Structure formats: C-alpha cells, structure tokens
Amino acid sequence: MLLELIALILAGIHFGIPLTYYLYLKSKYLNRPWNIKIDENYRPKVTIIIPTYREAKFIWERLDNLYAQKYPKRLIEVIIVDSKSDDRTIELAKEWASKHPDLNIRLIEEDRRYGKLHALQTALKEADQDSEVIVFTDADAIWEPNALSNALSYFADPSVGSVTGSISYVVPMNCGRYLENTYREFYNLIRVAESKKYATPIHNGPFLAIRTNLLRKIGLPYYAGSDDSAFGSLMAFSGYRAIQADNVIVREPIRGSQFRRKIRSAQHLFLSFLKTRKYAKRIKVYRYTRPFEEIWKIEWWLHVVNPWLLAVSTLLLIIEILLYESLTALALLGVGLIFLTLTTYRTWILQQIYLIIATIKNLWTKEVVWKK
Ligand code: GDD
Ligand code: MN
C-alpha cells in the first residue's frame with residue numbers, strides 16, 4: 001500500500017502543479033492588457049536573418065512570404081546565411097533576389113556546416129549598423145502578412161527586449177486533428193499569459209525578434225538551445241520584457257521525423273533551463289525581477305523535475321503489479337492509460353516522454369548540428 005500511496009502522491013504533484021499554473025495564468029493574466037506602450041506606427045529598421053541548410057524546397061516561398069509583409073521595404077534588410085547546402089538553395093535565393101531588386105537581400109555562404117547557432121552568429125556581424133531590431137526566422141516558416149508590423153509595434157516601448165510569434169502548424173492533408181496543434185494551443189496560452197504577467201522564458205525560432213543593441217551587448221550564448229528557446233529567458237534575466245504576442249501568428253510545416261524533432265526541441269529546452277540563468281549572471285547582465293523569477297522557477301520545475309515524478313510514479317505502480325500483484329496499482333495504472341484517449345492528456349504525456357528521453361540523450365549529444 002505504501003508504494004501505491006507514494007505513486008499517487010507523485011502523480012498528484014506531477015499533474016497538479018502544471019494544471020494549477022495553467023488555470024492561474026488563464027484566469028488571472030490571459031485577458032489582461034499588456035501594460036506596454038504599443039504603437040502601430042512605430043517603424044524601426046529591421047534585419048531579418050534566415051539560416052539555411054538544404055532548403056531548396058522552401059526558400060522561394062519563404063522569400064515571397066517576407067516580400068508580402070505589410071511593412072515598408074526600405075526599412076527591411078534580409079540576410080541569408082547558408083552552410084554550404086548541396087542542393088539548389090543558394091541558386092534559388094540568388095535568382096529570387098535578382099527578380100526583386102526592391103528588397104535589400106544579402107547572401108552569406110559559410111565554407112562548411114557549423115550548425116544553425118554559428119550561422120546566426122555569422123549573420124549578426126553582418127547586420128547594418130543602424131538596424132534596430134533583428135528577427136530570426138526559419139526557411140520553412142510562414143508569417144501572417146501583418147506578423148512583422150504587429151511584432152514591431154511592441155518595440156515602441158523601451159521595456160520590451162524581444163517578441164516571439166505564436167506558432168500554429170500546417171498539418172499534412174487528411175491527418176485530422178494533429179496532436180501537434182493541441183500541444184501548441186496549450187503552450188501558446190501559457191506563453192502569452194506569462195508574457196502579460198511579465199515575460200516568457202521560451203521563444204520560438206520561426207519568429208524571434210530582438211532589439212539589436214541588446215543582442216549586440218548580450219551576445220548570442222554559445223550553448224545548444226540558445227538558437228531559439230533561450231532568448232526569452234536571457235532577455236528577461238537582463239531586465240527586459242520578453243513576450244510571445246498573440247497577434248504575431250506564424251505557421252510551420254510538419255516535416256520529416258516529427259519524433260526526432262520533438263526530442264531535439266526538448267533537449268534544447270532542457271539545456272536552456274539548465275544554463276541560461278547562470279549564463280546571465282556570468283556575463284553580468286542579470287537583473288532580479290520578481291515576476292520573472294516566479295515564472296522561471298515554475299517552468300524550470302516543469303522542464304527539469306516534473307517529468308521524472310511521472311516516470312517514478314509509473315515505475316512504482318509497475319513494481320507493485322509485478323512483484324506484489326497489487327490490484328490497486330493495476331487499477332491506478334489502468335486509469336492513467338484510459339485517459340490516453342483524451343487528446344490533451346495524450347499530448348501532455350508524450351511531451352513528458354520527450355523531455356525524459358531528451359534529458360538522457362543530452363548526456364552524449366547536444367544536437368547542435370542536426371540531421372536534415
Ligand atoms: N546556416 C545553417 N546551418 N542553417 C541551418 C543549419 C545549419 O547547419 N541547420 C539548420 N539550419 C536552418 C534550417 O535551414 C532552418 O531554416 C532553420 O535552421 C531551422 O531548422 P529546421 O531543420 O527547420 O529545424 P526545425 O524545423 O526542427 O526547427 C525548430 O527547432 C530548432 C531547434 O531545435 C525551430 O524552432 C528552429 O527555429 C529551432 O532552431
Ligand atoms: Mn523547420
């Protein structure tokens with residue numbers, strides 16, 4: 001009975017903390033005003049950076065999509081950094097650029113593949129001196145036409161350090177309701193509500209806008225995970241609002257092995273929770289803000305510790321069943337399995353599994369350069 005009780009308590013904590021946090025954010029913050037001076041007419045100079053490796057399939061459409069943004073072209077510079085793609089990425093980018101001379105677009109070719117993070121570092125050095133906001137994006141991302149201008153309107157307020165987009169997935173035809181979208185809806189709500197409270201620790205690579213002078217001052221961290229998710233935390237630890245905006249919508253296709261991607265993304269998330277606060281302190285940009293410390297502590301718990309409670313709880317039940325033929329344990333495990341028919345629950349459990357695998361996998365590879 002003791003083991004069952006412990007298992008039950010662990011599971012209670014595992015599900016109770018995120019659920020309480022979700023309900024707390026939803027009821028208290030989601031519908032609050034931003035408390036930011038948003039100015040739709042604020043028009044900074046922006047540098048859009050696209051790292052590419054083997055993106056021939058997407059690059060043309062990506063550039064078309066940037067071209068269609070409702071933002072003055074004379075205020076945009078685009079930098080593509082390619083890591084020696086062996087497909088037609090570079091050729092297509094050059095051709096596109098020659099057909100659209102009214103968009104300032106530059107192509108940097110690295111001599112070999114060092115990974116996305118390195119490519120971003122290379123691009124950053126090339127950004128115009130008078131660039132005010134840097135936007136990182138992926139070759140396969142698609143922004144809503146007003147995404148850029150909406151995001152930039154928050155930068156009118158000097159307290160804002162970064163703005164990331166809310167992702168929705170482009171699901172392959174006939175796949176019904178993909179788990180991925182349930183995952184996104186759940187996390188989008190949390191990230192936006194955290195942003196309204198103060199800042200969200202996690203940012204999204206498909207749209208990630210950062211104030212240029214801050215990025216130059218703070219620099220890009222060199223550890224894996226810092227090419228997307230960690231920017232939010234880094235900005236917030238530096239004393240700036242790091243927000244995910246609900247009116248900056250970006251789409252991302254589901255492609256390749258979703259499983260491998262999810263593990264990598266969980267690995268990067270985990271690393272960013274392990275390292276970013278220490279990093280901010282080490283480079284002496286850290287500033288204490290109470291709301292963000294609260295958010296960070298919970299998210300740190302949810303990413304680093306919480307998944308293991310579920311694992312241990314399940315393990316205890318299995319031990320009870322196998323060693324002591326416990327019917328209570330069997331019933332509890334059964335209930336847990338029956339709930340898997342609920343999409344949200346299933347999505348949650350999968351995410352826990354990804355985080356656990358990711359934590360273990362981080363011991364031997366950090367996925368700085370990933371298979372494409
Ligand atoms: N220059 C360069 N060099 N670009 C690269 C490299 C590289 O070695 N590896 C990947 N990229 C580019 C891709 O071409 C793409 O534009 C972008 O980085 C994201 O890579 P994807 O292969 O599309 O990865 P994803 O779809 O799983 O991306 C998500 O996870 C990544 C981190 O795990 C996004 O959120 C990314 O923004 C994020 O970095
Ligand atoms: Mn992608």
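**Pockets and ligand in a predicted model**

Reader: Which residues lie nearest the centre of the largest pocket?
Author: The space in this pocket amounts to about 1,000 Å³. Its lining consists of 49 residues. Those nearest the centre are D138, E252, R261, R264 and W370.

Reader: Which element gives the largest share of the lining of the largest pocket?
Author: The elements that contribute two or more residues to this lining are β1, α4, β6 (160-170), α6 (179-197), β8 (241-253) and α9. The largest share is eight residues, and the element that provides it is α9.

Reader: In which pocket does ligand 1 sit?
Author: A molecule is said to sit in a pocket if more than half of its atoms lie within 2 Å of the grid points of that pocket. For ligand 1, the pocket concerned is the largest pocket.

Reader: Which residues come nearest to ligand 1?
Author: The shell around ligand 1 divides into seven nonpolar, five polar and twelve charged residues. β1 (46-52), α4 (116-126) and α9 (258-282) each supply at least two residues of this shell, and α9 gives the largest share, with three residues. Of the 24 residues around the ligand, the nearest are E55, S83, R113, K116 and K372.

Reader: What percentage of the area that ligand 1 exposes when taken alone does the protein bury?
Author: Polar backbone atoms approach the ligand at several positions: one of P51 is 2.8 Å from an oxygen atom of ligand 1, and one of V81 is 3.0 Å from a nitrogen atom of ligand 1. A backbone N or O atom of T52 also lies 3.1 Å from a nitrogen atom of ligand 1. Taken alone, ligand 1 exposes 720 Å², and the share of this area buried by the protein is 95%.

Reader: Which element gives the largest share of the lining of the second largest pocket?
Author: This pocket has a volume of about 500 Å³, and 22 residues line it, with F15, L310, T314, G336 and Y345 nearest its centre. Two or more lining residues come from each of α1 (2-28), α10 (290-324), α11 (327-338) and α12 (343-361). The largest share is six residues, and the element that gives them is α10.

Reader: How many charged residues belong to the lining of the second largest pocket?
Author: The lining of this pocket contains 18 nonpolar residues and four polar residues. The number of charged residues is given as no charged residues, that is, none.

Terms used:
Residues are numbered from 1 along each chain as its sequence is written. Chains are lettered from A and ligands numbered from 1 in the order in which they are written. This is a predicted model: local features need pLDDT of at least 70, side-chain atom pairs count only at pLDDT 80 or more; totals for chains, interfaces and linings use all residues. Side-chain values use heavy atoms; hydrogens and water are left out. A residue is near a molecule or strand if one of its heavy atoms lies within 4 Å of it. A polar contact is a pair of N or O atoms within 3.5 Å; within protein, one must be able to donate a hydrogen and the other to accept it, and residues adjacent in sequence count only if both atoms are side-chain atoms. Accessible areas come from the Shrake-Rupley method with a 1.4 Å probe; for residues, only the protein chains shown count as cover. On a 1 Å grid over the protein atoms alone, a cavity is a set of points where a 1.4 Å probe fits but cannot get out, and a pocket is an open set with protein on both sides within 12 Å along at least five of seven lines; lining residues have an atom within 4 Å of a point. Helices (H or I, at least four residues) and strands (E, at least two) are DSSP runs, numbered from the N terminus. Ala, Val, Leu, Ile, Met, Phe, Trp, Tyr, Cys and Pro count as nonpolar, Asp, Glu, Lys and Arg as charged, and the others, Gly among them, as polar. Grid points are joined across faces, edges and corners, and a volume is the space filled by probe spheres set on the points.
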